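Here's a quick briefing to read with the model open beside you. Take a look first, then work through the points by topic.

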Amino acid sequence: SNRAASRFSTVGASATYAVFDLVAELRAQGVEVFDLGGGEPDFDTPEHVVDEAVGALREGFTHYTPSRGVPALLEAIAQKLAKDNGVMADPASDIVVTPSAKHALFAALLTVLDPGDELLVPTPSWVSYTAMARLIGARPVQVALDGGNGFRITRELLEAHVTPRTKALLVNSPNNPTGRALTAEEARVISQFAVEHDVLLIADEIYEKILYDGTEHRSLAALPSCADRTITVNGFSKGYAMTGWRLGYAAGPTDLMTELLKVAQHTVGCTGSFVQRGGIAALTGPQDPVEEMTRQYATRRDLVVDGLNSLPGVTCSPPDGAFYAFADIRGTGFTDSSSFAQWVLKETGVALMPGSAFGPGGEGYVRLSFATSAEVLGTALERVGVALGGRP
Ligand code: PLP
């Protein structure tokens, strides 16, 4: 529409929501769809979390809360950051609770980027970073990582894209869509690069709880000389299976968080009161549900990776974390990941995400979510195998 602001001219609709909508449309037509496209846990929220929020509603905890967040939640987040991440944040000044990690990311970018500023985004990446940067008039600069090198972040790649306008670097680990977690070497590269170029860091750590094979989570804010230049974003959607609740937070240096709080004050007021009470229960209650869900993801991961590697022309390395397999399909003879995904959906009813949707470096790959039952995963892979095997 030419009545909308010009900022929309460079922003496309979300590619993940497009697949989400297409799956719903096919299902409405009665087509059987095996949805490996989405990015949300198939588990329900742990019961003690639900009970706490329902209790809060029943007792009339239904009013505005402080814009920063319910004090007990801020305290629980500060303790979690110290204990799990080695990140010191004062609950009174360095943390803001937000309705979703997505909103925390948007608020963080709005806080640090002026129009024309450049945001480095290693890709393939989650689809919304570049769109958010564009919506606020900044320039996303995509740094294409090399799948042949395990999508590693290297000093050479960062140096090739840095300019005097570079304001911040956004890093997502564990990563959507590649499933990779930062190594100690990458963490060192990132902290040295940030310090030497005086660049801020935005750390999206939403998949922190979902890691396999004893892989260690590395928080950017805990790296040498990075505490004062990093905004950490996290939330409850993935680890605690709370996608529909919309609950997340940002934590960082006081000067930046003072401004970020204004974004919360002027755009949302506060996050849902009873939703925040659920968040307190999630952080301070038993963590066994999180561990149990991760164990199940691990089993499915092995099933999916083995299944993918047995398909003709497909290879997949096991992800370190998150619940995505990022499979190399270049050996299948398809010219691009989008036609592969469309063909698979039409032939088999299996929905997956083309790697090209995640930016430079993603072409030639497809993302399959294994946040769905082992049964669905088994059937889906079998169907794709039959279809691929039957091609001339
Ligand atoms: N960051 C990444 C990398 C994600 O994959 C997602 C969800 O898909 C989010 C952030 C958003 O999480 P939330 O549900 O808290 O907005």
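## A quick tour

N175 counts as buried because 27 other C-beta atoms lie within 10 Å of its own (buried is 20 or more such atoms, exposed is 12 or fewer, partly exposed is in between, and C-beta atoms are placed from the backbone). Keep in mind that this is a predicted model, where local features need pLDDT of at least 70, side-chain atom pairs count only at pLDDT 80 or more, and totals for chains, interfaces and linings use all residues. Residues are numbered from 1 along each chain as its sequence is written.

**Around N175**

- You'll find N175 in the loop between β5 and α7 (helices are DSSP runs of H or I with at least four residues, strands are runs of E with at least two, and both are numbered from the N terminus).
- If you skip neighbours within four places in sequence, N175 is in contact with R180 and A322 (contact means that the C-beta atoms, placed from the backbone, lie within 7 Å).
- G285 sits 110 residues from N175 in sequence, and their C-alpha atoms are 26 Å apart in space.

**The whole protein**

- The protein has 12 helices and 12 strands.
- How does the radius of gyration of the protein agree with that of a compact globule? For 392 residues, a compact globule would have a value near 21 Å, and the protein has 21 Å, so the two agree (the radius is taken over C-alpha atoms, and the globule rule is 2.2 Å times the number of residues to the power 0.38).
- Along the principal axes, the C-alpha atoms fill a box of roughly 65 × 55 × 50 Å.
- Of the 392 residues, 51% are buried.
- Take the contacts with a separation of 6 or more: 72% of them are between residues 24 or more positions apart.

**The ligand's surroundings**

- The ligand has 13 residues around it, and the closest are S100, A101, K102, G235 and S237 (a residue is near a molecule if its C-beta atom, placed from the backbone, lies within 6 Å of it).
- By class, this shell has 3 nonpolar, 8 polar and 2 charged residues (Ala, Val, Leu, Ile, Met, Phe, Trp, Tyr, Cys and Pro count as nonpolar, Asp, Glu, Lys and Arg as charged, and the others, Gly among them, as polar).

- Helix α2 (residues 47-58) and helix α9 (residues 273-284) have axes that come within 8 Å and cross at roughly 145° (axes are lines fitted to C-alpha atoms, for helices over the stretch in contact, and angles run from 0 to 180 degrees between N-to-C directions).
- On the α2 side, the contact includes H48, V49 and E52, and on the α9 side it includes S273, F274 and V275.
- Sorted by class, the contact of α2 with α9 has 9 nonpolar, 3 polar and 2 charged residues.

- Some background first: most residues other than glycine have a negative phi, and most peptide bonds are trans.
- A241 has a positive phi, near 55°, without being a glycine, and is found in the loop between β7 (230-235) and β8 (248-251).
- A241 is buried because 22 other C-beta atoms lie within 10 Å.
- A322 isn't a glycine either, yet its phi is positive at about 60°.
- Where is A322 found? Look in the loop between α10 and β9 (324-328).
- A322 has 30 C-beta neighbours inside 10 Å, so A322 counts as buried.
- The peptide bond from T123 to P124 is cis, with omega near 5°, and P124 is in the loop between β3 (118-123) and α5 (128-135).

**Exposed and partly exposed spots**

- Is T335 buried or exposed? T335 counts as exposed because it has 10 C-beta neighbours inside 10 Å.
- T335 is in the loop between β9 and α11 (337-348), and its C-alpha atom is separated by 38 Å from that of A107, 228 residues away along the chain.
- R295, in helix α10 (residues 288-309), has 11 C-beta neighbours inside 10 Å and so counts as exposed.
- L157 belongs to helix α6 (residues 155-161) and is partly exposed, with 19 other C-beta atoms within 10 Å.
- Apart from neighbours within four places in sequence, L157 is in contact with V143 and L145.

Methods: Contact = placed C-beta atoms within 7 Å.
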